[in-house]
Amino acid sequence: MRFPAEPFRIKVVEPIKNTTQEERERLIREAGYNIFSIPAETIYIDLLTDSGTSAMSDNQWAGLMLGDESYAGSRNYYHFEQTVREIFGFKNIIPTHQGRVAENLLFSNILKEGDVVPNNIHFDTTRANVEYHKAQAVDCVIDEGLDPENPHLFKGNMDLNKLEAVIKKYGADRIPIIMLTITNNSGGGQPVSMENIRQVSELAHRYGIRFFFDACRFAENCYFIKEREEGYADKSILEIAKEMFGYADGCTMSAKKDGLVNIGGFVAVNDDEWAQRITNMLILIEGFKTYGGLAGRDLEAIARGLKEVLDENYLRFRINQTRYLGEMLADQGIPIVKPIGGHAVYLDARRFLPHIPPEQFPGQAIVVELYKRAGIRAVEIGSLMMAKKDPETGKMIPPSLELVRLAIPRRVYTNMHMQYVAEAITEIYHEREKLKGFEIEYEAEFLRHFTAKLKPVD
Ligand code: P70
């Protein structure tokens, strides 16, 4: 079979409400054309994010009942710690309630003004957390990773020459860590190869710089390595993960992705002194070190989720469901990022709507139309989310890619739902000249896409 069928059967169902196009047109107008301000109950297929939206297994739900809600020393913490250590191997494991807190705790304790953090491509929360500390977030992904049509199999790879040039330009003492985001979300959910991981680790360590992963989608990255990189076809996902993390000094993790849970995360570091500082701050802002802002039962669900996510049958379906949606769109000539990523299909909004310039947010025009017409929620990852401001002129500098992301929640939708999505997008594509751009009416200083208010351009 070209596309494997769902490797699970459905024990509990959640009905989805029906809305009319008229209702949705009113709601999106009232929401200032911001998809984050739409009541989720009015959405038919929610592809806003794969983060925190997974369906947990019966085994995870059973684990919730075994939650030990002791303030200190909960048995679920020990299970969580042992599981993370087995897969990731790091010495100190500090739970947090989600990924951006892990980032904040790490950066607050290691960055000072004027520092620089290289990454393949920083995700928006990572970039914001670096910049919040008056440090600079520099992206060093390979050029192929910025070309939506380039078929390179590891488009998340770091460009070693760019990386070394950054180290030489700023000096290693201004670079506390080098990061790799696996898979590379902002570049289309693209994997990083083991070879590249090894080389980045080596380069970082040669300059005495620590090497960290942003590990949200590590299992999906491992599956791609197994599928695509020579020498890994016969290795288990766990073996691949162990090798990968063995090259690093720590990681930040949002368990809301490959932890298969609705909330949770952690920061892991080998360095005891860093761990001590981070733990002290954790206690100040999140909670004691054996719960980190989570309930005991949440830690149990993460421990079980991290084991389930390594299952190859699960990963094969997961990666191929995303591919299924992507190929249906590509077959209709719709411009998407290729190869198709792990957790999402990315529409290339520049080529989809060449008549709308980046300043008028072509990606957002597609997002709004998809909701109005079909009740589908996607998210813009383009100028609205990722643009920078020229510090002198205040003018917007658009990112290299204008994308619309269709992120697929884990174990939630069937392949028939994917067909519905493909048909809706195909319809819009056929009438694409009618779509118009947007302008901003209100924006916040950081992470503006979450709260911005927009209006259609006349
Ligand atoms: C997503 C969410 C979160 C994320 C990530 C990487 C590579 C860290 C984090 C932060 C965020 C999002 C975006 C648009 C709509 C809804 C949500 N990514 N690093 O969907 O983790 O959210 O737990 O603080 O992708 O990609 P956390």
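Student: Taking contact to mean heavy atoms within 4.5 Å, how many residues of domain 1 are in contact with domain 2?

Tutor: On the domain 1 side there are 33 residues, in contact with 36 residues of domain 2. This is a predicted model, in which local features need pLDDT of at least 70 and side-chain atom pairs count only at pLDDT 80 or more, while totals for chains, interfaces and linings use all residues. Residues are numbered from 1 along each chain as its sequence is written, and side-chain values use heavy atoms, with hydrogens and water left out.

Student: Where do the domains run?

Tutor: Domain 1 comprises 21–50 + 312–456, and domain 2 covers 58–308; such bounds come from an automatic or database domain assignment. Their C-alpha centres are 26 Å apart.

Student: Why does the largest pocket lie between them?

Tutor: It lies between the domains because both domain 1 and domain 2 give residues to its lining. A pocket, on a 1 Å grid over the protein atoms alone, is an open set of points where a 1.4 Å probe fits, with protein on both sides within 12 Å along at least five of seven lines; lining residues have an atom within 4 Å of a point. The volume is about 1,500 Å³, taken as the space filled by probe spheres set on the points, which are joined across faces, edges and corners.

Student: Which residues are closest to its centre?

Tutor: Of the 36 lining residues, Val 12, Glu 14, Ala 55, Arg 411 and Val 412 are closest to the centre of the largest pocket. Helices α2 (58–64) and α12 (312–331) each contribute at least two lining residues; helices (H or I, at least four residues) and strands (E, at least two) are DSSP runs numbered from the N terminus. By class, this lining has 18 nonpolar, 8 polar and 10 charged residues. Here Ala, Val, Leu, Ile, Met, Phe, Trp, Tyr, Cys and Pro count as nonpolar, Asp, Glu, Lys and Arg as charged, and the others, Gly among them, as polar.

Student: And what lines the second largest pocket?

Tutor: It has 41 lining residues, with Arg 127, Glu 131, Met 386, Ala 387 and Lys 388 nearest its centre. The second largest pocket holds about 1,200 Å³, and its lining has 24 nonpolar, 5 polar and 12 charged residues. Domain 1 and domain 2 both supply residues to this lining, so the second largest pocket also lies between them.

Student: Changing topic, what span should helix α3 have?

Tutor: The 14 residues of α3 (residues 75–88) should span 20 Å at 1.5 Å a residue, and the end C-alpha atoms are 20 Å apart, which agrees. The expected span is 1.5 Å times one less than the number of residues.

Student: Is Ile 240 buried or exposed?

Tutor: Ile 240 is buried, with a relative accessible area of 0%. This residue is in helix α9 and, not counting residues up to four places away in sequence, touches Met 194, Cys 222, Ile 225, Lys 226, Tyr 232 and Lys 235.

Student: Where does Gly 188 lie?

Tutor: Gly 188 is in the loop between β5 (177–181) and α7 (194–206), and its relative accessible area is 0%. Apart from neighbours within four places in sequence, Gly 188 is in contact with Gly 341 and Tyr 346.

Technical notes: Buried means under 20% relative accessible area, exposed over 50%, partly exposed in between (1.4 Å probe, protein chains only). Contact means heavy atoms within 4.5 Å.
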